[in-house]
Amino acid sequence: MPASEARVREFHFTDSDFQALRKLVKEMTGINLAESKRELVYGRVSRRLRALGLSSFGAYRQLLESGDGSELVAFCNALTTNLTSFFRESHHFDYLRGEFLAPRRTASRRSERIRIWSAACSSGEEPYSIAMTIVETIPDWQKWDIKILATDLDSDILARAERGCYNAERVKGLHPKRLGRFFTETQEGTERAYQVVPELAKLITFKQINLMHDLPMSGPLDAIFCRNVVIYFDKDTQRGLFSRMAKLQRPDDLLLLGHSETLFKVSEDYTLIGKTIYRRS
């Protein structure tokens with residue numbers, strides 16, 4: 001057997017293990033793990049085995065099947081991919097500023113109530129970017145009724161997002177004026193870090209939500225950012241999710257997806273109006 005095929009594993013990992021974990025992830029999160037994700041599953045779940053002092057994937061599966069709630073959460077956290085940055089896919093924030101916030105600010109009969117949902121907020125860069133866009137566009141924003149809901153399935157990453165403290169690498173793409181206005185320089189151990197200022201943070205409420213379940217909010221929501229998450233869902237799961245989202249929005253409200261996502265043959269409740277920007281029909 002070639003050396004490249006003679007993979008020595010710390011834990012025995014069978015096809016049954018992979019298929020069982022794959023099925024559980026689908027049931028709990030809606031995420032479809034392709035066959036190509038076998039090594040990713042092994043690597044990430046192995047960390048849980050070490051942390052728990054377990055010697056096999058079989059023992060870990062028994063723990064999950066017993067209904068251990070805290071470990072089910074840790075399992076989902078381990079397999080949730082969190083990749084984000086401030087003002088990622090910047091055209092969405094340009095549209096939010098120029099086509100939604102600015103016209104709302106100058107309208108003669110305007111509504112000063114704004115509700116925006118960041119549906120997969122990861123470590124927080126997206127909702128904080130939304131908040132910065134609002135503050136920059138509406139000078140008297142503090143007199144408005146503005147709320148941003150930021151949610152994620154991963155409880156660990158959500159706690160990090162709510163903390164709002166980022167190292168220098170995470171904020172390096174921000175303009176110096178934004179960095180100076182919206183962050184306070186601080187220290188984390190021996191490293192320089194940047195803490196979101198309280199006035200920005202107070203616009204955002206963080207909450208753990210599983211998009212597979214009934215959505216607990218009542219709406220209406222002016223805009224939903226649901227970016228780079230449904231790419232992992234199958235079409236039926238996507239249809240269910242967007243049907244639930246559509247019920248939270250009025251005609252002309254906005255839905256923003258990730259760069260590789262589409263509603264084609266998924267939902268007729270929205271109309272494409274720009275690059276991965278949809279309007280509620």
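This briefing walks through the sheets, helices, cores and cysteines of the structure above. The model is predicted, so local features need pLDDT of at least 70 and side-chain atom pairs count only at pLDDT 80 or more, while totals for chains, interfaces and linings use all residues. Residues are numbered from 1 along each chain as its sequence is written, and side-chain values use heavy atoms, with hydrogens and water left out. Helices (H or I, at least four residues) and strands (E, at least two) are DSSP runs, numbered from the N terminus.

- Strands of a sheet pair through backbone hydrogen bonds, either parallel or antiparallel.
- Here, two strands pair if DSSP finds at least two bridges between them.
- Reading across the open sheet of seven strands, the order is β6-β2-β1-β7-β8-β10-β9, with mixed pairing.
- At the edges stand β6 (204-208) and β9 (270-274); each has a single partner strand, so one side of each is left without a neighbour in the sheet.
- On average, neighbouring strands of this sheet are turned by 20° against each other, direction ignored. (Axes are lines fitted to C-alpha atoms, for helices over the stretch in contact, and angles run from 0 to 180 degrees between N-to-C directions.)
- Four bridges link β9 with strand β10 (residues 277-280) in the antiparallel sense, and Thr271 has Arg279 in β10 as its bridge partner.
- Helix α7 (residues 155-163) packs on the sheet and touches β2 (145-152) and β6, its direction making about 170° with that of β6. Contact means heavy atoms within 4.5 Å.

**The three-stranded sheet**

- Another open sheet has three strands in the order β3-β5-β4, paired antiparallel.
- Its edges are β3 (165-167) and β4 (183-188), each with a single partner strand, so one side of each is left without a neighbour in the sheet.
- Neighbouring strands of this sheet are turned by 35° against each other on average, direction ignored.
- β3 and strand β5 (residues 191-196) run antiparallel and are joined by three bridges, with Asn167 opposite Ala193 in β5.

**Helix α2 and the cores**

- With 15 residues, helix α2 (residues 38-52) reaches 21 Å from its first C-alpha to its last, close to the 21 Å expected at 1.5 Å a residue. The expected span is 1.5 Å times one less than the number of residues.
- Val41, Tyr42, Val45, Ser46 and Leu49 are the buried residues of α2; buried means under 20% relative accessible area, exposed over 50%, and partly exposed in between (1.4 Å probe, protein chains only).
- The cover over these buried residues includes α1 (15-29), α3 (57-65) and α4 (69-79).
- A nonpolar core is a set of buried Ala, Val, Leu, Ile, Met, Phe, Trp, Tyr and Cys residues joined through side-chain atoms within 4.5 Å.
- In the largest nonpolar core, of 43 residues, those touching the most other members are Val45, Phe75, Trp117, Cys226, Met245 and Leu255.
- Apart from this core lies another, of 42 residues, including Phe86 and Trp141.

**Cysteines**

- A disulfide is a covalent bond between the sulfur atoms of two cysteines.
- Using a cut-off of sulfur atoms within 2.5 Å, a search of the whole structure finds zero disulfides.
- Cys76 is buried, at 7% relative accessible area, and its sulfur is 16 Å from the closest cysteine sulfur, in Cys121, too far for a bond.
- Cys165 is buried at 10% relative accessibility; its closest cysteine sulfur, in Cys121, is 16 Å away, too far for a bond.
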